[in-house]
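Please work through each task with the model open before reading its solution.

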Amino acid sequence: MKNPTMTAGASAPHQKFDQYRAYKARPLTKDQKKDVTFLFGGLTWKHERLLEGAFQNMGLKAQALPNVERADLDTGKEMIDAGACCPTTFVTGNLANFLKKKVAEEGKDAATNKYAYLTAGACGACRFGQYHESYNMALDAMGLKDFRIFLLAQDKMDQGESEDGALDLSMPFTTAAYMAVLIGDILTDLEYITRPYEVVPGTTDRVLKECADHLYEVFKNRPIVGKKWRSLMWNLSTKYFTNALKEVGKRWATIEVDRLRMKPKVKITGEFWLQTHEGDGNYNIKRWLEKEGAEVVPPPIVVWIDYLIRADLIQTLEARREIIKNAGLKIWLGKMAQKMIHFIYNKLRKAVGFIPYYVPDQYEIRRLAAPYYHMRLSGGEGDMLVGKALMYYHKKAVHMICELSPYSCMPNTMSIGAMAAVQGKYPDLLYAPIEVKGDAEVHAISRCQMILTEARKRSQAEYDKVLSELGLTEARIREYEAKNPELRQATYRVPHYGVAGTAANYAIHIAKRMGIKNSYKETGVYGK
């Protein structure tokens, strides 16, 4: 709201105010679109690489912004609200620094007219719904007020055409984007499951880059079949993407791994941007954990999509069933949409040997969180932070939870408070809540290091116990591996047997193959 303007002698009731108006991008015609590069970002480089291909397939010149750096935080702090959370500050500074460079290289008019920004929008308790206001504040300060920002709804499959007709956000566009995100999740799981155990350092990153480039071409050359529902059905039934992932599986099988390396397993949770990001924005904590000898379980974006259907659609309908027409039918359709997502994701997992983790049950997460966090508190990740921590703990899927929260983030502050009650009941749950400001790395890493030390001890004790109970030694396992070289392929699937560590599960699996009787049973925690 701007300051009031008053004439001399006017009384308070005659003050004039400019009313708040929601942001609306400057019109973009279809003729202008061909000269505009659409910028986007906020995900991992793998997701962004595939999205570049998907957007270009739909006729957009697309370019992912450079990965966030520490300098972006400084720029963001200079330009926007001092109370903004660090994700807002980082992404605003990231866009601003990119445009500053383009202004210096090409001039202000070119930066304003030759580029536009595609970003997701939302509403609710999280400041995510107001990110675009921060972008506008920074752009105004840079003299780029006419720079275009297009807000995409993250919870709508068919958003139709923009008012000016330049952007067609109907089913063919959104299904391509969703498929790029799901396959980006598949690549990310493969990466983090494999890299800690690679025999030749750097092999995983090299093969990952090759696979991402291959899939970029797959999306760029994707057939565009039909509109709306026909497009959706094609994506449900086609083998186009699964065949592409089978090629990824062949390349991934060339990576040799040593799964007998004892490593604590750490699940990353937290605010969406911070847990997804890989870089300075979260102190590069995933790579840091790997350097400290841990195996990271990354957060797939598909879980967030699944949660949005549950929290924003199904739970709203359940709460207002008596006043919403056909609420029961709409709830059923929402749950069918969730099943469809699980179906598609499992098809993609199958194409690479079911190595990536399965999508957890949202209603199990809700049930576990319910005693500590109300399901209708939907800001941020809502009850998922508490529910996921309990799910991984009860199923012995990881040794430790690392939750990444922006400094002063209200929804995450509530979840951290709820976790105090959880730890009161389950004191052996290793939980490291890391509050990220962007410029306090030593404090955050030190806090994580303390919990990781205990996780490392537990992982070693678990591994030693398993070997003792099986009557096995590493030497015997190595002899068996030498006779069965497929065991050291990155695409060989090791089931979960009720223990957290990869080395412990691998030892149990080898014992079963060798015919050594034991009480361990496959749990299905990793899904199939």
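**Charged side chains, step by step**

Glutamate 247 counts as partly exposed, its relative accessibility being 26%, where partly exposed is the range between buried (under 20% relative accessible area) and exposed (over 50%), computed with a 1.4 Å probe on protein chains only. The model is predicted, so local features need pLDDT of at least 70 and side-chain atom pairs count only at pLDDT 80 or more, while totals for chains, interfaces and linings use all residues. Residues are numbered from 1 along each chain as its sequence is written, and side-chain values use heavy atoms, with hydrogens and water left out.

**Exercise 1.** Find the residue with which arginine 251 forms a salt bridge, and state how the two are placed in their helix.

Solution. Begin with the criterion: a salt bridge is a side-chain nitrogen of Lys or Arg within 4 Å of a carboxyl oxygen of Asp or Glu. Arginine 251 meets this with glutamate 247, their closest N and O atoms being 3.1 Å apart. Finally, arginine 251 is itself partly exposed, at a relative accessible area of 26%. Elsewhere, salt bridges that share partners join Lys46, Glu191, Arg195, Asp205, Glu278, Arg287 and Glu290 into one network.

**Exercise 2.** Decide whether lysine 102 is buried or exposed, and describe its salt bridge with glutamate 106.

Solution. First, the side chains of lysine 102 and glutamate 106 meet in a salt bridge with an N to O distance of 3.9 Å. Second, both residues lie in helix 4 (residues 86-106), four residues apart, or about one turn of the helix. Third, lysine 102 is buried, with a relative accessible area of 14%, whereas glutamate 106 is partly exposed at 31%.

**Exercise 3.** Describe the salt bridge of lysine 145 and the accessibility of both partners.

Solution. The partner of lysine 145 is aspartate 140, and the closest N and O atoms are 3.9 Å apart. Lysine 145 counts as exposed at 61% relative accessibility, while aspartate 140, with a relative accessible area of 43%, is partly exposed.

**Exercise 4.** State how many salt bridges the structure holds.

Solution. The structure holds 30 salt bridges. As background, side chains of opposite charge can pair when their charged atoms come close.
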